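These are my notebook entries on a structure that is new to me. I set down what I looked up, topic by topic.

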Amino acid sequence: MAEPVNFTLEEGEHIAIIGRNGSGKSMFVDMITGRHPAFPDMVKYGFDEPYNNLKHISFRDTYGGDNDKTYFLQQRWNQMEIDEETPTVGSKLEEAYQLAGEDTPERRAFQKHLYELFHLEDLLDKYIILLSSGELRKYKLAASLFTNPKVLIMENPFIGLDATTRDQLKDLLSMLAKEQGLQIILVLAKTDEIPDFITHIVEVREMKVLPKVARDEFKDKFRVDSLEFRDDYSAVKEGLASKSAINSKLSTINFKKVTIRYGERTILKDLDWTVMQGEHWSLSGDNGSGKSTLLSLVCADNPQSYACDISLFGHKRGSGESIWDIKKHIGYVSPEMHRSYKQNIPAIQIVASGLKDTIGLYARPSEAEKEQCHHWMEVFGIGHLSDRKFLEMSSGEQRLVLLARAFVKSPDLLILDEPLHGLDDYNRRMVKDIVDDYCKNPEVTLIYVTHYQEELPRCIDHSIFLKRNN
């Protein structure tokens, strides 16, 4: 931090920590939890065993446990490759429950309440690695709440959750705060997600922790519409490469009665879906409804596509095209992709990997390609981060780098799965404007996934809603 930090959590207070991407919110949390190497003993809670009474949950697009060594991107789709000893939701939750305390009727009742609240009963026999992004967050929340902490710190708890589950989580946290005395600290990128039970706001600005203010005082001073936003995105057009010659009379995506099953679970059933070139689709649905599975079919990541009647860019799957023939047309970003990027390499190399559709950078880019990468980083306002190591950035800065990667080759099909995850108010508005400007090109097709209606760009002209198969 640039200046000394003064922070006190008084009894009965519930805090929201807010700030721009890269402002230092996560560093501040590391100081509070004692994980920051320079401040291991900075915070005292007044408890006999302070750190045993505090639980910290981070929702920075992790897809799998923080210490999960078995994860790889294809494991969700290659059902036959899953080890039989891979844990299920039920086994891991029961393990967390047993470790958290004595087995009592009251605790079992609370466990049952959490399962009902998050609709976890239907997931108990499901492998952890097969959970959707939103389902995973529900699982991690339930496991953490079993520990009965006195202070609960949650980073971006609402991202990836559908609207109903977000409201249920806010109600649950409010109940825990008011009835069980749990003190809650939320770290939020979206200022419009501050729940009603929050009593005070702490803003972190440019590595400086500002004084704690009462919620009502903060609301009077801060308004999203008072922020100064960019309004010129002509640089988006300047960065467009000449488009591939795709016959506009052919569909970009064509699904006919597509059904996907994993064991006894039906994820997609008899799905008919046609996307024509130049259309801009919103894809929505409750957690676990099959959105990620659908996108895996489009991106050629799911081997079950060969058993389905699917055509992409005018070619039927299995007719001889390689996955790289498909991917060269697609720019893609998702929570799962964010999770898979663990290389601590400069941001410019992450962006350049989008030119070759790889996770890491295995070929040296040409000077022209480097210029292309720099251009898109400037468009997304991260030109100054070109040489910064990826794992040394904030989650929001990482997301902007991955968005630049998605756009860098001027794709024909842009697939943005929860693209605004973890972005602050300013950057959410900026990314939406960039998407709108990019999609003014009549040859560009868009699939945009979000649980927030207000996050949809103006260019959306078609929509599809997936219902969960029980």
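I take two strands as paired if DSSP finds at least two bridges between them. Helices (H or I, at least four residues) and strands (E, at least two) are DSSP runs, numbered from the N terminus. The model is a predicted one, in which local features need pLDDT of at least 70 and side-chain atom pairs count only at pLDDT 80 or more, while totals for chains, interfaces and linings use all residues. Residues are numbered from 1 along each chain as its sequence is written, and side-chain values use heavy atoms, with hydrogens and water left out.

**Entry 1**

I looked up how strand β8 (residues 251–262) is joined to β9, and found eight bridges, with the two strands running antiparallel. β8 and β9 belong to an open sheet of four strands with antiparallel pairing, in the order β9-β8-β11-β12. Its edges are β9 (265–276) and β12 (315–316), each of which pairs on one side only. Helix α8 (residues 291–298) packs on the sheet and touches β8, β9 and β11 (309–312); contact here means heavy atoms within 4.5 Å. The direction of α8 makes about 125° with that of β8, where axes are lines fitted to C-alpha atoms, for helices over the stretch in contact, and angles run from 0 to 180 degrees between N-to-C directions.

**Entry 2: T252**

I then turned to T252, which lies in strand β8. Is T252 buried or exposed? T252 counts as buried because its relative accessibility is 4%; buried means under 20% relative accessible area, exposed over 50%, and partly exposed in between (1.4 Å probe, protein chains only). Beyond residues up to four places away in sequence, T252 touches V275, M276, Q277, S311, L312, F313, L413 and T445. T252 and Q277 are 25 residues apart in sequence, yet their C-alpha atoms are 5.4 Å apart. The side chain of T252 reaches the backbone nitrogen of Q277 at 3.5 Å.

F313, one of the residues touched by T252, sits in the loop between β11 and β12. F313 is buried, at 9% relative accessible area, and has a positive phi near 55° although it is not glycine.

**Entry 3: strand β5**

I asked which strands join β5. Strand β1 (residues 15–18) runs parallel to β5 and is joined to it by four bridges, with I17 opposite V202. Strand β7 (residues 213–214) is antiparallel to β5, with two bridges, and H200 stands opposite A214. Strand β6 (residues 208–209) is also joined by two bridges and runs antiparallel to β5; R205 has K208 as its bridge partner. The hairpin of β5 and β6 has two residues between the strands, and there E206 takes a positive phi near 50°. Strand β5 (residues 200–205) is largely enclosed by the rest of the structure, because five of its six residues are buried.

**Entry 4: the nonpolar cores**

I define a nonpolar core as a set of buried Ala, Val, Leu, Ile, Met, Phe, Trp, Tyr and Cys residues joined through side-chain atoms within 4.5 Å. The largest has 75 residues, of which F255, W273, L294, F380 and F407 touch the most other members. Helix α13 (residues 395–407) gives the most to this core, with seven residues. Another core, of 42 residues, lies apart from it and includes Y115, L120, L145 and Y452.

Technical notes
A polar contact is a pair of N or O atoms within 3.5 Å; within protein, one must be able to donate a hydrogen and the other to accept it, and residues adjacent in sequence count only if both atoms are side-chain atoms.
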